[in-house]
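Work through the exercises below with the sequence and structure at hand. Try each task before reading its solution.

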Amino acid sequence: MARKRRKPAPLSKDEHVALRGSSPFRMLADETFEAVIADAEIVEAPAGTVLYDRGEDVGALHWIARGGVLVLRVRDRDERTALELVEHVRLVGEVEALLGRPAAARAEAIGDVRLVGFPVTGLARLFAEDVDFAMALLGSAASHIPARIYRIVAINHLTDVERVARWLCERAGKPAGSTEFVLPFEKRAVAESLLMAPESFSRALSRLNAVGVRVDRNKLRIADLGRLAVIAGIADESESP
């Protein structure tokens with residue numbers, strides 16, 4: 001007998017606050033925001049779940065409460081091109097939701113995800129009633145396509161070590177000093193988002209040991225972000241302390 005899937009828990013207080021403060025929902029009046037989330041559907045899916053595929057109707061705009069979503073093009077089983085790794089407290093599918101068009105790429109769960117889905121039909125009414133909200137969402141959607149193209153072009157000009165170094169610097173969120181953090185996703189998913197094979201990602205991390213990058217299971221420690229930024233090509237040698 002198949003096990004019955006547990007119904008997702010309702011929106012928590014912390015999720016409510018995070019969603020309220022995220023773009024473009026922060027632009028809504030309180031009454032409108034509460035009406036919007038009243039129609040929302042909570043979706044939970046395990047790692048690897050295809051949320052929607054290219055050519056399919058997205059049906060809803062999704063806000064990521066937990067986990068991440070890899071947006072990618074799949075031409076066959078062996079040819080996958082990652083376009084973007086969308087992390088928590090961000091939106092996925094706004095282009096399709098805004099334009100009412102089928103998905104241009106696949107959206108796949110990275111890790112166990114929890115999503116807040118806003119049906120496209122309800123959003124259409126909101127767009128007509130709240131121009132500021134519609135313009136904010138349009139701006140977000142319009143920025144995604146050129147940003148994806150620029151990212152792929154830029155990554156392809158970097159070596160494996162430079163790609164990983166740049167990703168680590170971006171994760172650190174500060175230009176210098178030391179830091180440590182837990183890998184947000186499996187190494188395989190991070191590698192794919194950087195257009196790398198998992199083994200290439202691991203080799204690049206090993207080569208970065210020379211500048212103080214240490215890996216302990218899923219925890220990363222960086223001793224000198226300044227030196228790492230030089231390797232990543234986002235700082236000059238003279239800027240490194």
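Predicted model: local features only at pLDDT ≥ 70, side-chain atom pairs only at ≥ 80, totals over all residues.

Residues are numbered from 1 along each chain as its sequence is written, and side-chain values use heavy atoms, without hydrogens and water.

**Exercise 1.** Compare the radius of gyration of the protein with that of a compact globule.

*Solution.* Take the radius over C-alpha atoms; the globule rule is 2.2 Å times the number of residues to the power 0.38. For 241 residues, the rule gives a value near 18 Å. The protein has 20 Å, which agrees. Its C-alpha atoms fill a box of roughly 55 × 45 × 35 Å along the principal axes.

**Exercise 2.** Find the largest nonpolar core and the element that gives the most to it.

*Solution.* Collect buried (under 20% relative accessible area, 1.4 Å probe, protein chains only) Ala, Val, Leu, Ile, Met, Phe, Trp, Tyr and Cys residues joined through side-chain atoms within 4.5 Å. The largest such core has 34 residues; Val164, Phe201 and Leu208 are among those with the most contacts inside it. Next, check the elements: α6 gives the most, seven residues. A second, separate core has 20 residues, including Trp63 and Phe133.

**Exercise 3.** Count the charged side chains and locate the centres of the two sets.

*Solution.* Place each charge at NZ of Lys, CZ of Arg, CG of Asp or CD of Glu. The protein has 34 positive and 35 negative side chains. Their centres lie 5 Å apart.

Notes:
Buried < 20%, exposed > 50% of the residue type's maximum accessible area, 1.4 Å probe, protein only. Helix = DSSP H or I, 4+ residues; strand = E, 2+ residues; numbered from the N terminus. Lys, Arg positive; Asp, Glu negative; His and termini not counted.
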